[in-house]
Amino acid sequence: MDLDLSPQLAKKLYGSDGGSYFAWSPTELPMLRQGNIGASKLALQKNGLALPRYSDSSKVAYVLQVAQPGLSFEAKEKVIAIKKGDAIALPFGVVTWYYNKEDTELVVLFLGKTDKAHKAGEFTDFFLTGPNSIFTGFSTEFVGRAWDLEQNFAKNFVASQTTSGIVKLKEGASMAEPKQADRDGLALNCEEAPLDVDVRGGGRVVVLNTQNLPLVGEVGFGADLVRIDGKSMCSPGFSCDSAYQVTYIIRGSGRVQVVGADGKRVLETTLKAGNLFIVPRFFVVSKIANDEGMDWFSIVTTPNPIFTHLAGRTSVWKALSPEVLQASFNVTPEHQKIFSSKRNDSEIFFAPSK
């Protein structure tokens with residue numbers, strides 16, 4: 001069966017005047033189900049509140065646009081102010097709420113694994129409040145007994161929850177204030193973190209792993225932010241530790257090719273902001289940015305991913321002997337020398353030729 005790797009845009013699942021929640025469907029993007037991967041996006045307007053919830057999947061949240069969320073870990077609520085470029089690891093059982101008090105829309109991307117979820121390729125959220133919540137699912141008797149409430153009070157209390165998922169608070173509403181100390185160990189700003197790769201005129205990479213954000217070990221996968229300059233190329237490469245690559249295009253546009261088993265090109269298309277696509281295990285992928293460059297955020301389904309690149313200074317070709325190259329390519333020694341002499345000083349990004 002042919003694989004459908006076509007990039008897709010998210011579809012709206014629900015919303016209100018406070019904001020909207022979007023998700024990618026495994027029906028339209030089959031690799032989500034095959035790779036046990038979930039992907040969704042939250043967009044909050046000013047005074048929008050995404051009600052407290054927990055998920056059946058571990059995730060990484062990446063802030064595409066700025067605002068303020070709250071995160072609750074165990075019995076102690078931690079409220080952190082976040083900004084564009086922040087990545088937050090969300091292990092199983094973490095209760096989260098998000099609130100936007102700014103005029104600018106808050107947009108948060110969620111990528112994660114669904115191998116323990118109710119539905120492969122989809123996140124299922126369990127709400128603590130709202131008409132579709134755990135709270136309202138119990139009878140008035142159980143609510144009264146559990147929270148020591150008088151029956152009439154419990155009935156009215158439950159009935160007051162009329163809006164699902166996202167609500168809009170009144171102007172000037174008071175919310176818990178963020179604490180800078182709570183950011184430590186919870187969030188890493190990928191736009192300000194030290195660069196793991198920096199190629200002048202080519203591109204830059206920040207890798208999210210257990211060293212710079214220990215919670216990555218609990219969610220079970222790593223991530224990276226990649227920004228390549230106009231007309232630059234990202235070297236063909238693959239994950240050599242049996243991991244899927246899940247990529248969301250943040251900004252710009254470009255072209256992508258993916259090659260799979262038997263040397264078959266399984267994807268050749270144009271990428272644009274908002275697209276999500278998945279590269280299967282061991283498949284080789286390469287991208288070339290258009291004039292404006294291209295930025296993307298990816299997760300790789302292992303905590304400390306290892307990539308093998310097929311071009312550049314660290315290419316696997318550089319490790320092979322001339323004799324093996326000549327025999328494998330069936331070329332003369334002269335042609336082999338030309339091939340081996342290229343890209344000796346280049347990293348994984350190749351700036352356009354002048």
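View 1. The structure, which is a predicted model, holds zero disulfides, a disulfide being a pair of cysteine sulfur atoms within 2.5 Å. Cys-190 is in no disulfide, and the nearest cysteine sulfur, which belongs to Cys-234, is 16 Å away. Cys-190 is buried, with a relative accessible area of 1%, where buried means under 20% relative accessible area, exposed means over 50%, and partly exposed lies in between (1.4 Å probe, protein chains only). Cys-234 also counts as buried, at 11% relative accessibility. Residues are numbered from 1 along each chain as its sequence is written, and side-chain values use heavy atoms, with hydrogens and water left out. Because the model is predicted, local features need pLDDT of at least 70 and side-chain atom pairs count only at pLDDT 80 or more, whereas totals for chains, interfaces and linings use all residues.

**View 2. Strand S18 and its partners.** Strand S18 covers residues 245-259; strands (E, at least two residues) and helices (H or I, at least four) are DSSP runs, numbered from the N terminus. Two strands pair if DSSP finds at least two bridges between them, and S18 runs antiparallel to strand S21 (residues 284-300), to which 13 bridges join it. In S21, Trp-296 is the bridge partner of Ile-249. Strand S20 (residues 276-279) is also antiparallel to S18 and is joined to it by four bridges, with Val-279 of S20 as the bridge partner of Gln-245.

**View 3. The hairpin of S18 and S19.** Seven bridges join S18 to the antiparallel strand S19 (residues 265-272), where Thr-269 is the bridge partner of Val-256. Five residues lie between the two strands of this hairpin, in which Asp-262 takes a positive phi near 60°.

**View 4. Gln-65 in strand S5.** Gln-65 lies in strand S5, which covers residues 58-65, and counts as partly exposed at 31% relative accessibility. Leaving aside its neighbours within four places in sequence, Gln-65 is in contact (heavy atoms within 4.5 Å) with Thr-104, Glu-105, Leu-106 and Val-107. A polar atom of the Gln-65 side chain lies 2.9 Å from the backbone oxygen of Glu-105. The C-alpha atoms of Gln-65 and Leu-325 are separated by 48 Å, and the two residues are 260 residues apart along the chain.

**View 5. The annotated segments.** UniProt, in an unreviewed entry, places the feature "domain: Cupin type-1" at residues 3-155 and 186-337, given in the numbering used here, with feature names shortened and annotations that may be inferred rather than shown by experiment. Over residues 186-337 the chain is 11% helix and 48% strand, and the end C-alpha atoms are 49 Å apart.

Notes
A polar contact is a pair of N or O atoms within 3.5 Å; within protein, one must be able to donate a hydrogen and the other to accept it, and residues adjacent in sequence count only if both atoms are side-chain atoms.
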